[in-house]
Amino acid sequence: MDSSRQFLRQSLGLIRRRKELAWFCMWCAGIGCLFLWDEIFLNAPAFDRVRAALFNTLVSGAGAVFLSLVLGWASGAAFFLLEQRRARYSFALLSLVANAIRSLPQVVLVLVGYVLLNQLILAEIIRSETAQLAWVTVTVSVAVFLEVSDTIRSRLEYFRSLEFIDAMLCCGISESRIIHREILWRNSREHLLHKLIALFGVAIFLQCSVDFIVSVGLSTNVSLSNVPLTLGSLLASVDSKQDILALSNLFSDPAYITEIVVRHLQGVSAAFCIVFTLVCFFMIANGYARSRRLNGP
Amino acid sequence: MTRPPDFLVGLSDSLKGRLVSHAAGVVFVAVALAGFALSFEANAPAESAQERHLESYLELNGVDFGDPLDRALFRESLDRFYPGQAARNDSLLQAIDDARVRRWSGPGLRRGDTNRGFSPALLPEIAWQFAQFLLVYILALLGIYFGAERLGLYRFVKWKQGRESYLGESIRIVREYRHARANSRVRFPKGAVALDILKALGKGILTTLFFSPAYVIAYALKTSVDTSSLPFMILLALVSNGVLIQASNRFFELLVAEDRKGYVRTATVKNLHTSYEWNAKEGVPVRVLYRISQNLGPHVLRHLYENARFQFIPAMKELGSFLVTGLVIIEMALNIQGRLSYNLLQQILFGRYDVACVIIFSIFLAVKGTEVFVDTWHDFERRRYGF
């Protein structure tokens with residue numbers, strides 16, 4: 001009994017000290033409470049849709065983060081190596097492409113990805129829902145990977161300024177090992193993890209927004225609105241939109257909140273999942289940066 | 001040695017390099033978008049020769065094929081031009097009728113697709129929409145810049161006061177009360193605790209609002225507010241999508257990073273004011289939160305603020321790009337007709353990728369313009385501070 005109380009106390013102490021853990025627990029608890037509420041008050045088909053949408057969104061977001069890490073790592077290391085080896089033309093070309101991607105708004109890049117997806121569906125190259133979701137994931141990661149690349153470049157630049165690289169080269173360690181293992185893996189994992197947590201929020205925001213736009217604005221084009229259900233596309237459905245529109249009744253009749261949380265659950269649940277996830281992951285990233293003293297207090 | 005162009009004279013080498021890089025980026029994206037549009041154009045089903053032939057008849061001035069008299073006159077004219085080919089002339093008239101039916105009942109028309117591909121006549125319309133987009137963008141960007149600085153400054157002062165969390169503050173009051181109760185009879189400070197809980201609630205609602213995607217806020221207000229008006233758009237761009245809160249967080253982090261540097265201790269030793277109490281004699285005046293030009297006098301915060309502001313300038317490039325993303329989402333999600341992003345969505349819907357590419361290029365130019373402005377501004381500030 002005492003040991004379990006001690007364990008509980010230690011866990012609570014850890015959560016109090018590390019805000020990222022507290023916010024992650026809060027996110028889990030919030031989504032858990034929402035599901036419990038939906039289980040009681042939301043009809044079964046709608047509840048299934050909410051669950052499937054959240055699952056698809058989280059999986060796609062996590063996939064986008066993983067792909068961003070791979071692309072960002074590769075491009076960041078390539079930038080550094082090209083600069084180190086004074087390959088001016090290759091470096092200039094890579095910079096040109098990177099700057100062009102950076103200057104195109106992310107939502108436009110993702111929309112272009114959806115246009116290409118439409119073409120692939122029409123040509124019957126992509127058929128399954130999983131492949132469509134994977135395509136969207138790749139598109140989102142292309143739109144955001146440069147943030148990882150920038151973090152990697154700044155870390156490599158920092159270690160170059162410390163003459164860490166020159167010293168290790170003198171010790172006979174290969175350039176590749178210095179970059180990938182010594183600098184990025186051993187000395188930059190926390191920075192990368194912080195960036196990836198922040199990117200998870202950005203990826204979810206982008207995906208939900210574009211899904212919402214595509215479902216609302218391109219609804220006459222059947223093939224484009226047939227992509228797997230996500231929180232954005234669920235929010236764009238007529239039922240959910242009516243649920244969100246009903247929120248404005250609260251201005252004239254605050255007591256209508258009792259109706260909102262019982263009768264308009266599908267849209268409110270989808271909106272809650274999006275906003276709560278964005279808030280929590282921003283706080284998790286911030287808390288992580290604070291506890292590791294990466295760039296905050 | 002060749003002389004650099006006149007517009008590059010007087011600029012620092014790093015800025016010159018950046019401007020050249022921006023120009024190369026514009027050319028690269030223009031070529032890429034042109035290639036993208038042309039590849040779609042090449043793959044689009046070509047209008048058949050017969051369709052083009054029928055179009056020439058349908059565009060004849062003064063001939064209404066719905067009017068029996070005009071039809072009869074047209075038929076007689078055909079007989080005059082092509083005598084002895086009655087069957088051919090009847091077929092042509094039938095084909096014209098079919099083309100008219102197709103023109104008024106095609107799938108594109110059912111979706112409201114009345115225009116064809118890109119033409120110079122579309123440019124004024126796109127330019128007007130772009131000007132509106134730019135106006136909203138510039139005003140929202142200015143709002144975010146000043147809002148982020150003020151919010152960041154406010155958070156920093158609260159952090160220095162050790163009063164960042166209202167809930168934490170109320171817990172502290174309760175703990176102090178429990179500690180004091182052990183020694184003497186004191187009344188529970190209900191008012192202070194209730195006020196802190198209310199403040200925490202308000203902060204939570206504001207945070208939720210700031211992180212809400214624009215379409216959630218706009219749809220929640222759609223029946224009460226005109227969501228297509230320019231002021232609402234600017235306000236929505238400011239408070240939604242997490243732009244303002246991320247920007248203010250960036251500024252706050254810069255202030256905190258500056259606060260850790262050695263010069264702050266030196267300044268303290270040299271008797272600069274270090275109190276962070278609002279409106280105290282040697283503290284921070286509240287007016288810093290709403291005045292455009294900052295005058296903090298001999299307070300150490302002045303130096304923290306100026307150094308953080310200098311580092312915050314380049315962050316405006318990322319914020320600009322993210323704000324454009326937010327604006328595009330707002331215009332598209334709310335289906336605001338006659339706006340640039342709504343037009344872009346319509347062009348994608350109708351498969352007119354050439355017009356879509358022109359609009360994307362104009363949006364790209366808005367972001368690029370911001371980058372050029374921010375780089376020039378940062379370079380100017382750097383030279384002003386003598387870096």
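This is a predicted model: local features need pLDDT of at least 70, side-chain atom pairs count only at pLDDT 80 or more; totals for chains, interfaces and linings use all residues.
**Entry 1: chain B as a whole**

I began with the secondary structure of chain B and found 16 helices and zero strands. I then looked up how spread out the chain is. Its radius of gyration is 32 Å, whereas the globule rule gives 21 Å for 387 residues, so chain B is more spread out than a compact globule. The spans of the C-alpha trace along the principal axes are about 120 × 70 × 30 Å.

I also looked up burial and contacts. Of the 387 residues in chain B, 30% are buried. Among contacts in chain B with a separation of 6 or more, 74% join residues 24 or more positions apart.

**Entry 2: domains**

Which domains is chain B divided into? I noted domain 1 as residues 46–110, and domain 2 as 125–162 + 212–384. Domain 2 is therefore written as two stretches of the chain. I looked up the distance between the C-alpha centres of the two domains of chain B, and it is 58 Å.

**Entry 3: helix α13 of chain B**

I checked the length of α13, residues 300–312 of chain B.

Which residues of α13(B) are buried? I listed B:V300, B:L301, B:L304, B:Y305, B:A308 and B:F312. Viewed down the helix axis, these buried residues fall within an arc of 130°, so they line one face of α13(B).

I then looked up what the buried residues of α13(B) pack against. Their partners in chain B are α6 (123–161), α11 (243–259), α12 and α14 (315–333).

**Entry 4: helix α12 of chain B**

Helix α12 of chain B covers residues 262–269. How many of its eight residues are buried? The count is zero, and I noted the helix as hardly covered. After α12(B) comes B:N271, which has a positive phi, near 70°.

**Entry 5: where chain A touches chain B**

I looked up the contact between the chains: 38 residues of chain A are in contact with 42 residues of chain B. On the chain A side, the elements giving two or more residues are α4 (88–103), α5 (106–122), α9 (189–217), α11 (238–245) and α14 (265–291) of chain A. I sorted the residues on this side of chain A by kind, and they are 25 nonpolar, twelve polar and one charged.

Technical notes. Residues are numbered from 1 along each chain as its sequence is written. Chains are lettered from A and ligands numbered from 1 in the order in which they are written. Two residues are in contact if their C-beta atoms, placed from the backbone, lie within 7 Å. Helices (H or I, at least four residues) and strands (E, at least two) are DSSP runs, numbered from the N terminus. Ala, Val, Leu, Ile, Met, Phe, Trp, Tyr, Cys and Pro count as nonpolar, Asp, Glu, Lys and Arg as charged, and the others, Gly among them, as polar. A residue is buried if 20 or more other C-beta atoms lie within 10 Å of its own, exposed if 12 or fewer, and partly exposed in between; C-beta atoms are placed from the backbone. The radius of gyration is taken over C-alpha atoms; the globule rule is 2.2 Å times the number of residues to the power 0.38. The arc is that of the directions from the helix axis to the C-beta atoms.
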